[in-house]
Amino acid sequence: MLEKRYEPKDIEKKWYDFWIEKNYFRAEAKSDKPSYCIVIPPPNVTGSLHIGHALDVTLQDIMIRWKRMSGFNTLWLPGTDHAGIATQNVVEKDLQKQGTDRHKLGREKFIEKVWEWKKLYGGTIINQLKSMGSSCDWSRERFTLDEGLSRAVREVFVRLYEEGLIYRGEYLINWCPRCHTALADLEVEHEDKQGKLYYIKYNFTDGGGFITVATTRPETYLGDTAVAVNPEDERYSHLIGKKVRLPVINRDVPVIADDFVDSAFGTGAVKVTPAHDPNDFEIGKRHCLPFINILTGDGRMSEAAGPYKGQDRFECRKNVLKDLEDTGHIEKVADHAMSIGHCYRCKTIVEPYLSKQWFVKIKPLAEEAIRVVKEGQVKVIPSGWENSYFDWMENIKDWCISRQIWWGHRIPVWYCEACSEIIVARETPAKCKCGSKELVQDNDVLDTWFSSALWPFSTLGWPDDTDELKTFYPTSVLITGFDILFFWVARMVMMGQKFMNREPFRHVYIHALIRDAEGQKMSKSKGNVVDPLKMTEKYGTDAFRFTLAAYAAQGRDIKFSEQRVEGYRHFLNKIWNVARFISMNVKEDTEIITMEEIRRGSSRTPPTLADRWILSRLSSVISEVNTALNEYRFNDAAGALYQFIWHELCDWYVEMIKPELYGENAGAKNIAVSTLVHVFEESLALLHPVMPFITEEIWQQLPCGKGAESLCIRKYPAAADGLTDRDAEEKMNTVMDAVIGIRNIRGELNLSPSLELQALIKVSDHSEGILKENISYIEKLARTKDVKIGRELHHPKNSASTVKPDMEIFVPLEGLFDIDAEIIRLTKETAKVEEDIQFVQKKLSNENFISKAPPQVVEENKAKYEEYLAKKQSIRNNIDKLDQWRKADE
RNA sequence: AGGCGCGUAGCUCAGUGGGAGAGCGCUUCCUUGACACGGAAGAGGUCAGGGGUUCGAUACCCCUCGCGCCUACCA
């Protein structure tokens, strides 16, 4: 016997351990079954579960469990990402606390330290994934720095290099002075800010006045090597070729002409700092200007900054401004809206910085990645994201992949000290071809995203030709948030195409971002994060998972509200209690009749209307859920299950069969119990991918033959033709109309639910048989007795009435009858039906409607019109009766 | 600067070319043998505003307003 309330705590661990022990999550490398595979977006190895992960893994687990139950050889491949910069930062902070730093430790010791850290905290997020119920194949867990994956990284690097798709060069890149590394363009977050535009006067060397330039970063004037104007700008054309002297540092630079300059902006004259601005870099190249690097890697002023050497870049800005002001070189300062780039890992303002870096020549890769999406080999869901994808891909720029940190895949390039040969190799070379053994490996490591770009095939064993690759590549779907569409998804498509000649996944399902209840992005600094572990602690994992699924409508961000979890927690309790109800009514010796037998009607007692109805409803929810999951409409799947189980199964069906369950007719009872058990078991199976724990717990206790040892390997209910019973559904609608009509009278006239009412139902030819056959439901569900059904019934004195299609209901109330209240009620009804009539009448009197609308629609409206008129007339008659009685009483 | 999305009941959100839906909240009644984390009945919306297409628009098109996001080298 189940406890009175569902208590998730003990149950969850018990079943998770059971599933693991039974190896249910283990995929077959070779199998006759069709394959289904998802690779997890690997979370940062030292991270901890946040609500975004929770959503991500819930949706993946739903798909995986659904497919596993549906007979697929299912692989959910888990793992973690070494997260170069992020992890290195975490460990560096820890070192700082201990009063040391990585440079004191040295490279090797530092990396050892990080591995230790990984050992210590790497399990945290994995355990949290498990606590969410994730049915990953843990025997295939991978880490981006694993030996196998590292081999894949080297292989890819070398092959791209050999094809000329990787090159090294000195370019302006984004530099984070705090992380002390280059960043890819993507890794810079732009933030709009109200800044200043400083107008600086540069004097001509020949003493002939000055030219004014405008800049947002005045300190960069220290690196100026020209002033540029537009060649078409008549204001300045006579000045081209002259020289100006930079104030304070007194360096002379030329005035040049370049098309890039927008005459309308600022003064139309631009200071050119080729080593510190992307546009100036281009101008510098075009005009062979000197590149003066005025910064050091930690964001201080370099030797080249002369008197400002050693100053922090922002301190220097202040000092430069002061000096320019003091020497009369500031013409004016204006407000200026601008956007400033920040490091996506530490939020420090990044600098365009000139340095030698490795790049991937990306256009050829991007072309393929565009093609496979355009041609539909990769389907993006919701498809709206394709636009962003194409837009980004079409305007893509070379990818800076070298990072000046230590934690990561070291670039497989060696430089010979003797002959300066560059060796790019899969295996660490012993010596140079010149014979020298003085080889020094490149100091840099690769962008973390370089290795994650290979994830869908490196995890399956590439570059070896494994069974796993044959079985599971391309993977079935990638499920992730839009925030890493470019970082990760796009790059996986490029690499997958390049090295596997196939797309890495057939579908990409992009889900929303979770925000707080006010719609703000969750962040630790704002203090508005919802801790998923607290949710599961408080409400249970299943309730939380169900909530996430119910929230996961396509195309909109999720404003997360804890109240909603609480609501679904109630749903769990509802399920729990109907399970208790079933267990109370099914004894060990209860004979459960198979559904086939019930459907065929070959058992001793035929199924009742209620049985037929709930089976029909079940078949329709089965197809709804399967269809919804097939289209990644998780919210629809959750909603359909909620509606069916709570309102149809519990509110109607269970109540309808109580007379049979408590009655003496063993045959009737058997049919009812059997149907109930069957429908409920199917419901549990349908629910299992969303709420695995409670369904398994109940299912294991359910007293019936189940043909599997766990719900998670039981067959998933599949939609089948011919199981929808239209006749039963139509008849039940008529019965429900009668019940609802009587309940309505009871409710609106405030009659106690415990009061047994009498009812007379005046019927049409059509509904007479249906209601007569099913009178017991009406008595039970509307709490009535002595229900009379007939075509010639009359409105008894002191009775309330209501009009439904095909029937008119009278409820005699005698002493309880409040004639005024009833008149008010019916008058309101009349007003409503009056509106209805006008609405339809307006349509029908429109000639265009009659001639142009589809005939079927016209017919429908005509029928409605007749129905409303009849309804109005009936209500009218009933009111007249009331009036007569009142007059008679007076 | 370009692109995208959103604006529907008090709140959170579904949804559709033929009279507006759910959950929560709210009101009234009810401890009838699974469940008060429950049951029954109800109130509540010019579907942001304006124009257009259509017999018919909340839905399709255009504009405006408000909110959010992404991409971008305007000093």
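## Salt bridges, strand pairing and a charged patch

With a relative accessibility of 30%, Glu562 counts as partly exposed. In this predicted model, the side chain of Glu562 forms a salt bridge with that of Lys538, at 2.6 Å from N to O. The pair links distant parts of the chain, since Lys538 belongs to helix H15 (residues 532-539) and Glu562 to helix H17 (residues 562-585), 24 residues apart. Lys538 is exposed, its relative accessible area being 54%.

The structure contains 54 salt bridges. Three of them are set out below.

| Salt bridge | N to O distance |
|---|---|
| Lys538 and Glu562 | 2.6 Å |
| Arg633 and Asp636 | 2.3 Å |
| Glu822 and Arg825 | 3.0 Å |

In the pair of Arg633 and Asp636, Arg633 is partly exposed at 24% relative accessibility, and Asp636 is likewise partly exposed, with a relative accessible area of 34%. Glu822 and Arg825, by contrast, are both buried. Because Glu822 and Arg825 lie three residues apart in helix H26 (residues 819-844), about one helical turn separates them. Elsewhere, Glu155, Arg159, Glu162 and Arg426 are joined into one network by salt bridges that share partners.

E7 (residues 188-204) pairs with strand E13 (residues 330-343) in the antiparallel sense, over 13 bridges. Within this pairing, Glu191 has Ile340 of E13 as its bridge partner. E7 also pairs with strand E8 (residues 210-215), again antiparallel, over six bridges. Here Asn203 stands opposite Phe210 of E8. The hairpin of E7 and E8 has five residues between its strands, and Gly207 in this hairpin adopts a positive phi near 80 degrees. Strand E10 (residues 243-245) runs antiparallel to E7 and is joined to E7 by two bridges. Asn203 has a bridge partner in E10 too, namely Arg245.

Which residues form the positive surface patch? Lys93, Lys97, Arg178 and Lys524 make up this patch. One of them, Lys97, is found in helix H3 (residues 84-97). Lys97 counts as exposed because its relative accessibility is 75%, above the cut-off of 50% for that class.

How values were computed: Residues numbered from 1 in each chain as written. Chains lettered and ligands numbered in written order. Predicted model: local features only at pLDDT ≥ 70, side-chain atom pairs only at ≥ 80, totals over all residues. Heavy atoms only, no water. Patch = residues over 30% accessible without salt bridge, like charges linked within 9 Å, V, L, I, M, F, W, Y side chains within 5 Å. Areas by Shrake-Rupley, 256 points an atom, 1.4 Å probe, with all protein chains shown as cover. Salt bridge = Lys/Arg side-chain N within 4 Å of Asp/Glu carboxyl O. Lys, Arg positive; Asp, Glu negative; His and termini not counted. Charge placed at Lys NZ, Arg CZ, Asp CG, Glu CD. Helix = DSSP H or I, 4+ residues; strand = E, 2+ residues; numbered from the N terminus. Buried < 20%, exposed > 50% of the residue type's maximum accessible area, 1.4 Å probe, protein only. Pairing = 2+ DSSP bridges.
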